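The sequence and structure are shown first.

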Amino acid sequence: MKAPVIIVCIKEIPDPEGPSSAFEIHSDTKQVVPVGIPPVINPFDQNALEAAVRLKDRLGGRVIALNMADKPITPVLKRALSVGVDEMIVLQDSAFKAITSQSTAEVLSAGIKKIGSYDLVLTGRQSADWDFGQVGLLIAEILGIPAINLAQVVELREDGIVVEKLRRVGHEVVIAPVPALVTVSSEVGDLRLPTLKAIQDARKKPVTVWSAAHLGIEAGKLRTRGIRSLTSPSSRARTCLRIEGSTPQEKGSNLALQLRQDKVV
Amino acid sequence: MANDGGRIAVLIGQGGGQASPAAFELLNAGRQLARGGRQILCACVLGQGIAGVCDEISFYADEVYAIDNALLAEFQADIYASALEEVCRTISPVALLMEHSYENYELAPKVGYRTGSEVITDCTAIEKDEVSGALLCTKPIYGGNAVAVFELKSTPHIVTIRAKVYDALERGGSRGRVVRLECDLSPSLARVRSMEVVPGQNVSLDKAEVIVSAGRGIKTQEGIDELRRLTGALERFFDKVEVGASRPVVDAGLLSRSHQVGQTGEKVSPQLYVAVAISGAAQHVSGIVGSKKIIAINKDGEAPIFDIADYGVVGSFEEVLPSFIEQLEGLP
């Protein structure tokens with residue numbers, strides 16, 4: 001089959017694996033401020049990148065990473081260029097700050113339309129910061145293309161895109177004509193590590209920046225997230241009874257005895 | 001009936017002739033909302049051969065709107081979205097409540113787009129703001145590290161609600177009106193075609209009394225076997241004991257996805273949750289905070305899991321579990 005053009009939407013977020021203490025809650029400004037943890041490409045977007053690059057390994061073609069941000073491109077996002085992405089397009093405008101899933105999808109769709117010709121759009125199943133899980137599906141609605149949610153395997157065939165889509169138990173194999181959009185889950189597998197040569201080559205790859213004006217988007221039509229309040233999770237902490245013992249073995253049996261004493265077992 | 005405030009719609013998940021357990025929780029959330037605004041509580045049932053479900057649900061809602069159509073026999077997001085859009089067009093609900101399920105994960109944004117509404121997913125509480133008329137939606141964000149309350153102004157207010165945060169609504173004494181809607185559905189609406197459904201291993205984490213979960217610290221099948229020995233020992237005291245896992249264990253292939261507990265796995269609330277070699281990252285913790293009692297076994301005494309545990313043992317699971325199991329087996 002012909003070599004595909006694959007667009008992958010990626011986003012930078014604070015490392016979700018960071019400890020709870022690294023997420024400072026600023027209730028006054030309704031913001032979560034990461035402290036002492038590095039930014040990463042949203043892990044589910046990393047899975048989407050891996051799915052795209054695997055298709056390119058087999059079929060050739062071109063992978064374009066698409067990012068929407070209100071600030072200039074960062075080194076973290078540029079790392080995508082060292083793992084098989086050919087070109088990076090950044091939709092950057094101060095008007096894109098804190099906008100809703102719907103508006104985000106409108107901006108990304110405008111970017112995709114401007115790219116023009118493509119076979120597949122991949123996104124992560126959700127971003128691990130706001131956890132809405134809607135942007136990919138909304139992009140497909142706006143572009144009027146098929147959407148397949150929660151993919152664990154993505155294959156391109158002559159007759160379309162074939163995807164193993166997660167169900168709560170098991171999975172479903174589905175097919176759709178291209179162009180199509182697929183949201184990717186962690187089951188796809190981790191993003192590969194770059195080689196040294198790929199890191200060097202990445203510097204020569206193009207990064208294009210488009211603003212709202214380039215995309216023909218009226219900033220006034222974008223909606224920002226309506227947040228009434230933002231707080232720490234309440235009453236999560238419990239009083240932990242530490243089971244003591246001179247050896248780990250003794251702690252183990254003391255745990256059973258304590259549970260019996262407290263009538264848990 | 002006073003109905004000056006319009007309608008609150010609840011999408012009823014169903015299968016095998018029965019409404020899903022979560023449907024009754026949503027009906028409760030809807031009833032609370034409707035009572036405050038003197039609104040009509042409407043249940044929407046989509047499927048094929050759903051007369052029995054509609055009949056039962058009519059004891060819980062003021063009105064039941066049903067679309068019974070062969071094309072709704074299996075879930076297909078585009079066709080379901082068209083049917084639900086039709087229901088929204090017919091009854092113009094103020095709010096549409098849906099379970100946060102795999103299907104609705106896909107359905108809700110589609111319906112939101114087609115009705116021009118914003119959607120808030122995975123809510124843990126909803127409440128009407130009497131002043132602005134907005135729906136206030138509480139939702140954990142950043143993997144459970146923070147909680148945001150969103151204002152949903154566009155109507156219908158569309159939300160997906162997490163399972164088990166509302167109690168099930170009790171069956172009422174009288175029956176609501178059942179209305180069958182016709183909807184012009186066509187197979188051509190489906191942009192995606194199903195080829196095969198592959199069943200997986202069904203692990204009923206949501207029904208377990210006890211869950212013993214493996215974390216990143218467990219790296220071998222022998223470690224999982226040791227956990228299974230612990231579940232065996234606990235079966236003396238509890239009816240249903242299951243093995244769970246954090247995401248790294250599933251991604252490493254040690255346990256299947258149906259065991260996964262946390263933000264992108266199952267959210268659980270057993271009598272007893274035993275976290276073995278789990279550090280307690282927020283995404284995992286957000287899935288277990290509803291547990292009645294939590295036991296943490298971890299060799300790192302500083303691990304955040306101890307902050308949310310009732311019992312903590314600092315030690316490697318290889319050393320702690322055998323004597324724990326032995327003592328449990330020896331208890332009178």
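Six strands form an open sheet with parallel pairing, in the order 15(A)-18(B)-17(B)-16(B)-14(B)-15(B). Strand 15 of chain A and strand 15 (241-245) of chain B stand at the edges with a single partner strand each, so one side of each is left without a neighbour in the sheet. Here two strands count as paired if DSSP finds at least two bridges between them; strands (E, at least two residues) and helices (H or I, at least four residues) are DSSP runs, numbered from the N terminus. The model is predicted: local features need pLDDT of at least 70 and side-chain atom pairs count only at pLDDT 80 or more, whereas totals for chains, interfaces and linings use all residues. Residues are numbered from 1 along each chain as its sequence is written, and chains are lettered from A and ligands numbered from 1 in the order in which they are written.

The link between the chains in this sheet is the parallel pairing of strand 15 of chain A with strand 18 (residues 311-314) of chain B, over two bridges. Within that pairing, Arg242(A) has Gly312(B) in strand 18 of chain B as its bridge partner.

## The interface between chains A and B

In total, 64 residues of chain A are in contact with 69 residues of chain B, contact being defined as C-beta atoms, placed from the backbone, that lie within 7 Å. Several elements of chain A each supply at least two residues to the side that touches chain B, among them strand 3 (23-26), helix 4 (135-143), strand 9 (147-157) and strand 11 (171-176). Helix 7 of chain A gives the largest share of that side, ten residues. By class, the side of chain A that touches chain B has 32 nonpolar, 17 polar and 15 charged residues; Ala, Val, Leu, Ile, Met, Phe, Trp, Tyr, Cys and Pro count as nonpolar, Asp, Glu, Lys and Arg as charged, and the others, Gly among them, as polar.

A further strand pairing joins the chains. Strand 14 of chain A pairs with strand 10 (residues 146-152) of chain B in the antiparallel sense, over four bridges. Leu230(A) has Ala148(B) as its bridge partner in strand 10 of chain B.

## Domains

Chain A is divided into domain 1 (5-221) and domain 2 (235-265), with bounds that come from an automatic or database domain assignment. The C-alpha centres of these two domains of chain A lie 45 Å apart.

Chain B is divided into domain 1 (7-189) and domain 2 (205-330), and their C-alpha centres lie 34 Å apart. Eight residues from domain 1 of chain B and eight residues from domain 2 of chain B take part in the contact. On the side of domain 1 of chain B that touches domain 2 of chain B, there are three nonpolar, three polar and two charged residues.

## Helix packing in chain B

Helix 5 (residues 221-234) and helix 8 (residues 317-330) of chain B pack at an angle of about 20°, with their axes 9 Å apart. Axes are lines fitted to C-alpha atoms, for helices over the stretch in contact, and angles run from 0 to 180 degrees between N-to-C directions. Helix 5 and helix 8 of chain B are therefore roughly parallel to each other; angles under 35 degrees count as roughly parallel, over 145 as roughly antiparallel, 65 to 115 as roughly perpendicular and the rest as oblique. On helix 5 of chain B, Glu226(B), Arg229(B), Leu230(B), Ala233(B) and Leu234(B) meet Leu321(B), Ile325(B), Leu328(B) and Glu329(B) of helix 8 of chain B. The residues of this contact divide into six nonpolar, no polar and three charged. Helix 5 of chain B also lies across strand 14 (210-214), strand 15 and strand 16 (272-276) of chain B, running at about 165° to strand 14 of chain B.

Helix 3 (residues 77-91) and helix 4 (residues 102-115) of chain B cross at roughly 50°, and their axes come within 9 Å. These two helices of chain B are therefore oblique to each other.

## Local backbone features

A cis peptide bond, with omega about 0°, joins Val178(A) and Pro179(A). Pro179(A) is placed in the loop between strand 11 and strand 12 (180-184) of chain A. In chain B, the peptide bond from Thr155(B) to Pro156(B) is cis, with omega near -5°, and Pro156(B) lies in the loop between strand 10 and strand 11 (157-161) of chain B.

Definitions and conventions: Contact = placed C-beta atoms within 7 Å.
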